[in-house]
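Welcome, and please open the structure in your viewer. This tour goes from stop to stop, telling you what to select next and what is there.

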Amino acid sequence: MKIGNREFDVTNRTYIMGILNVTPDSFSDGGKWNTMDHALKHAEAMIADGADILDVGGESTRPGHTPVSAEEEAARVVPVIEALRKHFDVPISVDTYKGSVADVAVQAGADLVNDVWGLKYDPEMAGVIAKHDAACCLMHNKANTEYNNFLIDMLAETQECVNIARKAGIKDERIILDPGVGFGKTYEMNLETMDHLELFQHLGFPVLLGTSRKSMIGLALDLPVDQRVEGTIATSVIGVMKGCAFVRVHDVKENKRAVLMTEAILGRNIK
């Protein structure tokens, strides 16, 4: 799969997406990187630690977050994306569910649109992605936790995202899927999702796993958000073992090492 100027072996490898939140209120690092200087320094550090993609977000999607306008979100992410493109040679993702933000972000240099609503929030989003021939990550999400059969319904609802993408003209080779740990699921459902990640392989697309520092880990270990590195690493290792092509994390160095070690054990090429 090609994202930006880089080819990703999504069948045999697991890559690191480093999180760069330029928000004042993200659940674990809000306000830490929302100045240009801090954002660029953090990006440089994540790349040095082994990040393969940088994911820039301008609106927190944590539970109870304060929504921001598309104009405000774009004002946060576009200058950072432009600066990242100028200073670093690494694929850039924009974390947004608003079509207008995705549009200006891709024009500014973003290579991938990471939509936590899987094209189901903004009816314009799929067309924007198709117009730019951008890569996209479509996450399973819903406004409640009501299912008839959780795993079957989750897969079917994720397939709906794929159907929307295809109808808009997004090519299959531009699509990544995210099971949406922490979104539209109870604690128990999140654990069940982790235990059955391999089911997503049946949909036929690369899978991105985003669990970093999330409440599932906090509840399992009874730990605050700033003490969830080891729990996140455990989920990343499971992600590698179950065939995920990407893991989206805050703590790049620690997760990168765990991924490489797991790949070595599994006999994968880790040049």
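A search of the whole structure finds 18 salt bridges, a salt bridge being a side-chain nitrogen of Lys or Arg within 4 Å of a carboxyl oxygen of Asp or Glu. Before you select any of them, note that this is a predicted model, in which local features need pLDDT of at least 70, side-chain atom pairs count only at pLDDT 80 or more, and totals for chains, interfaces and linings use all residues. Residues are numbered from 1 along each chain as its sequence is written, and side-chain values use heavy atoms, with hydrogens and water left out.

**Stop 1: salt bridges**

Select Lys41 and Asp37, whose side chains meet in a salt bridge with 3.4 Å from N to O. Both residues belong to helix H1 (residues 36–49), where they are four residues apart, about one turn of the helix. Helices (H or I, at least four residues) and strands (E, at least two) are DSSP runs, numbered from the N terminus. Asp37 has 43% relative accessibility and counts as partly exposed. For accessibility, buried means under 20% relative accessible area, exposed means over 50%, and partly exposed is in between (1.4 Å probe, protein chains only).

Now select Lys256 and Asp52. Their side chains form a salt bridge too, at 3.3 Å from N to O. Lys256 sits in helix H9 (residues 252–265) and Asp52 in the loop between H1 and strand E4 (53–57), so this pair ties together parts that are 204 residues apart in sequence. Lys256 is buried at 15% relative accessibility, and Asp52 is buried with a relative accessible area of 6%.

Go on to Lys171 and Asp133, a salt bridge whose closest N and O atoms are 3.5 Å apart. Here distant parts of the chain are linked, 38 residues apart: Lys171 is in the loop between helix H5 (150–168) and strand E8 (175–178), while Asp133 is in the loop between helix H4 (125–132) and strand E7 (135–139). Lys171 counts as partly exposed at 41% relative accessibility, and Asp133 is partly exposed as well, with a relative accessible area of 34%.

**Stop 2: aromatic rings**

How many aromatic pairs does the structure hold? There are six. Rings of Phe, Tyr and Trp (its six-membered ring) pair if their centres lie within 6.5 Å; planes under 30 degrees apart count as stacked, over 60 as edge-to-face and the rest as tilted.

Select Tyr15 and Phe246, a tilted pair with 6.0 Å centre to centre and 40° between the planes. Tyr15 lies in strand E3 (residues 15–21) and Phe246 in strand E10 (residues 246–249), so the pair ties together parts that are 231 residues apart in sequence. Tyr15 is buried at 5% relative accessibility, and Phe246 is buried at a relative accessible area of 0%. Another tilted pair is Trp117 and Tyr121, with ring centres 6.5 Å apart and planes at 35°. Trp117, at 24% relative accessibility, counts as partly exposed, as does Tyr121 at 48%.

Look at Lys98 over the face of Tyr97, 4.6 Å from the ring centre, then at Lys142 over the face of Tyr147, at 3.9 Å.

**Stop 3: nonpolar cores**

A nonpolar core is a set of buried Ala, Val, Leu, Ile, Met, Phe, Trp, Tyr and Cys residues joined through side-chain atoms within 4.5 Å. Which residues of the largest nonpolar core touch the most other members? Among its 65 residues, they are Val56, Ile81 and Leu84. Select helix H2 (residues 70–87), which gives the most to this core, with eight residues. A second, separate core has 14 residues, among them Tyr15, Ile53, Cys137 and Leu208.

**Stop 4: two loop residues**

Finish with Arg213, a residue other than glycine with a positive phi, near 60°. Arg213 is in the loop between strand E9 (208–209) and helix H7 (215–221) and is buried at 15% relative accessibility. Asp222, also not a glycine, has a positive phi near 55°. Asp222 is in the loop between H7 and helix H8 (229–241) and counts as exposed at 69% relative accessibility.

Note on methods: A charge sits over a ring if NZ of Lys or CZ of Arg is within 6 Å of the ring centre and within 35 degrees of the ring normal.
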